[in-house]
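Me: Please pick one part of this structure and take a close look at it. Then set it beside the other packed elements, giving the cut-offs behind each term.

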Amino acid sequence: MKNKFFFIFLFIAFQSRGQTCDCAKEFEWLKTTFETNDAGFSQTIDSKGKDAYQIHNILFEKRVSNSSSASECESILNNWLHFFRKGHIGIRYLGSSINDGVSKFKYKNTGLVDVDVDVDVETYLKNQNKVNKKGFLDIWYDDTYRIGVKKEGDKYYGFVISSKNKNWKPKEIKFIINPDSSATYYMGNKSSVAFAKAEITGENYLVMDYIGFQRENPKLETPITTKLHYRALKQKGPFIEKINSNTLYLNIPFFYPSVKPKIDSVLQKNAYILKSTPNLVIDIRNNGGGADRSYKEIIPYLYTNPIKSVSVEWLSSKASQKEMKNFSQTITGAKSYYENALKRMIGNEGEFINISNKPFSVYKQPEVFKNPQNVIILINNFVGSTSEQFLLAARQSRKVKLLGRPSGGAIDISNLNLQTSPSGLFELKYGQSRSLRYPLMKIDDGGIQPDYFMDATLPEYKWIDYAVELLSNASAHK
């Protein structure tokens, strides 16, 4: 599914011909920079021990000395970082040299090398009425592609019938589904992505994680909850829809600052129905975070009692001081706040500073809305960062329960910063602050646990149904 944002860097490639990569040198820069600036470094050393860290470094010194390419070096450096945690951390290679890497595929008239599939689109379309449209064998579509599927041997091949993407022509192979249901999908730029499972969802949708297609001629009526699951998979903005007379569905795919106006607009337009409907399902699955202010207007609908939020402390370093100075110059109405924080940081390099000077804050509102009375928030392991902060606030309400699987665990170390290596080849992402919850309540890597755990026997597209049933039972017993 879409947007696994807090574990993975977006890749922005540019041509950098003739560059060489000294991975050992890049490693020394990474090690020094991370040790000096990352707010989670010291707590990992306290937890795992200096001996374990020393052994870890010795192993990676050997690996970087044998690295043969920049892309290999990137992988090694990221593996070194994962000793510390899996979220709010990472390194990416900024260049793309001539000899670095090999093209993953070549082309034939009908698709990719090693995919020797004979596709005759006209014949395929003429014979559609004769085909037993079982499982994957049918015509599928989304906003860009119309895809036919045929079986050869023990594999299914999805080929292009028509495309709005000029990179793709009729007959080219768009995806391959293996006997074990694992799949290879070729993106708009023809790069390949491997998915663990392709499946038919609710009879009429073909889904590979965050990639989805609809059946062109549905055989059966699709339940509204399945339609909502598919819409959430494809839509890039928030939306509200009524499931039944007692239950609303609110989907929030991102908490990015740029999405906040859209979230606020959806809530404003639907304020009356939100305040007059007893049950609410909020779906934030795959929401990797953004900015805390983006969920501000949701909280009043969940509120039952004061909400306590634990403060964070910043690691003082030259880089974090530079960040404070930047905040004082760019964040409206906060000049003196960040200037005072900067004064406290200077001269205390290597120390943690609580810039708010408070251990926690408390949010109160004068009114508790009658509706919604019962709220279920859907979560999975791709929920992290700001989305987890939202969960920590929301779960303090008597109205709210969490349903799904543990969140991703990327919140204890936060307030990200980026630094580029002296060579200009690599960019490091690390955290500048840590939560005062630590070590009493650790969330990183473990995640926030749901009230209702969804095991592997219930596919994700049925979670909305499960939530609706729980909400109906809750309403019936009031």
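Reply: Strand β4 (residues 139–141) runs antiparallel to strand β5 (residues 145–152), and three bridges join them. I139 has G148 of β5 as its bridge partner. The model is a predicted one, in which local features need pLDDT of at least 70 and side-chain atom pairs count only at pLDDT 80 or more, while totals for chains, interfaces and linings use all residues. Residues are numbered from 1 along each chain as its sequence is written, and side-chain values use heavy atoms, with hydrogens and water left out.

Helices (H or I, at least four residues) and strands (E, at least two) are DSSP runs numbered from the N terminus, and two strands pair if DSSP finds at least two bridges between them. β4 and β5 belong to an open sheet of nine strands with antiparallel pairing, in the order β9-β8-β7-β6-β5-β4-β12-β11-β10. β9 and β10 (199–201) are its edge strands, each pairing on one side only. Neighbouring strands are turned by 30° against each other on average, direction ignored. Helix α6 (residues 224–234) packs on this sheet and touches β4, β10, β11 (205–208) and β12 (211–215), its direction making about 135° with that of β12. Contact here means heavy atoms within 4.5 Å, and angles run from 0 to 180 degrees between N-to-C directions, along axes fitted to C-alpha atoms, for helices over the stretch in contact.

Y186 stands opposite S192. The two strands form a hairpin with five residues between them, and K190 in the turn has a positive phi of about 75°.

Beyond the sheet, the protein has 13 helices and 24 strands counted overall. Helix α10 (residues 318–330) and helix α11 (residues 335–345) have axes that come within 8 Å and cross at roughly 160°. That makes them roughly antiparallel, a term for angles over 145 degrees, with under 35 roughly parallel, 65 to 115 roughly perpendicular and the rest oblique. Residues of the contact include M324 and F327 of α10 and Y338 and L342 of α11. The contact residues divide into six nonpolar, three polar and three charged; Ala, Val, Leu, Ile, Met, Phe, Trp, Tyr, Cys and Pro count as nonpolar, Asp, Glu, Lys and Arg as charged, and the others, Gly among them, as polar.

Helix α1 (residues 23–37) and helix α4 (residues 70–81) cross at roughly 30°, with axes that come within 11 Å. α1 is thus roughly parallel to α4. Among the contact residues are F27 and F34 of α1 and L77 and W80 of α4. This contact divides into eight nonpolar, no polar and two charged residues.

In helix α12 (residues 386–394), nine of nine residues are buried, meaning under 20% relative accessible area, against over 50% for exposed and partly exposed in between (1.4 Å probe, protein chains only). R437 lies in the loop between β23 (426–435) and β24 (452–453) and is buried, with a relative accessible area of 8%. Across the protein, buried residues make up 50% of 478.
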